[in-house]
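Let's take a walk around a ligand and the protein that holds it. Have the model open and follow along.

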Amino acid sequence: MLNIAIKAARRAGDIINQASRNLDILNISKKSRSDYVSEVDRAAEEAIIRIVHDTYPNHAILAEESGISGNEENTEYQWIIDPLDGTTNFLHGFPQYSVSIALKYKGQLNKAVVYNPNNNELFTASRGGGAYLNNQRIRVSKRTRLEDCLIGTGIPFRDFTHFEAYLMMFKDIIPHVAGIRRPGSAALDLSYVAAGRYDGFWEIGLAPWDMAAGSLIIQEAGGLIGDLEGNDSYLRSGQILAGNPKIFTQLLQIIQPHLSEALIENHRAALKH
Ligand code: IPD
Ligand code: CA
Ligand code: CA
């Protein structure tokens, strides 16, 4: 099944690469404020779903552009797909975007692929089988002192419900760390934590397809991932904190005092589901 996910991610990557050579002629539409979708997102998603369904016609699918499809009754196997994570970057020719594909088995993430078609980096993981970058085993960083750490984040740009709380976290984290980065593809951000390129990452307002693959890759690389209270509701709440185990705990302590009522409520609602 991991091989099918890899095949699908590479096929989507080919479509994205080809389109990136002619950005000027792309058809782009706006889903909402600061939320663009191009024909490439749709074509890549269709290609992924076709490859998955050719082999597993009975599996359920949750994909960003087309929503739920396939056999919805299938509660054992569900594929979670973001065909192009980092569309804004892609549309600007800013080379930081990816294809993200995860497979849930009996409600648990089981396989994961994040593929960067710009540099051919392929991050993969299977539950219990470790995490890999281009077939080489990866592990989270060993840094223990926040002041040495490079931290990734996503700055809100679409939904500003939690903007004030986010800014307070940002303000409080900056003086404690070596640097903060906001490259613009959450799936790659999470994979970078797994590969030890960042020591930690946080973001508010993500969708399941942004996080599913990257979160298994982090766990299989020995990292921790949770919501902003350190629990495991992140796929539902969209608030996410990740890092090597030591840094995860330290970031959690800085973030906690800035959790607004709205964030706590969002977290509670996610736990109930
Ligand atoms: C976005 C990227 C970005 C994150 C956004 C996501 P998209 O995904 O992952 O880094 O900050 O919240 O929506 O829309 O380009 O697939
Ligand atoms: Ca995304
Ligand atoms: Ca996307």
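How many residues surround ligand 1, and which are the closest? Ligand 1 has 15 residues around it, with Asp85, Gly86, Thr87, Arg182 and Glu203 the closest; a residue counts if one of its heavy atoms lies within 4 Å. This is a predicted model, where local features need pLDDT of at least 70 and side-chain atom pairs pLDDT 80 or more, while totals for chains, interfaces and linings use all residues. Residues are numbered from 1 along each chain as written, chains are lettered from A and ligands numbered from 1 in written order, and side-chain values use heavy atoms, without hydrogens and water.

Where does that shell come from? It draws at least three residues from each of domain 1 (2-137) and domain 2 (146-271), bounds that come from an automatic or database domain assignment. Strand E5 (residues 77-85) gives the most, three residues; strands here are DSSP runs of at least two residues, numbered from the N terminus.

Now for the polar contacts (N or O pairs within 3.5 Å). A polar side-chain atom of Glu203 is 2.5 Å from an oxygen atom of ligand 1.

Technical notes. A polar contact is a pair of N or O atoms within 3.5 Å; within protein, one must be able to donate a hydrogen and the other to accept it, and residues adjacent in sequence count only if both atoms are side-chain atoms. Helices (H or I, at least four residues) and strands (E, at least two) are DSSP runs, numbered from the N terminus.
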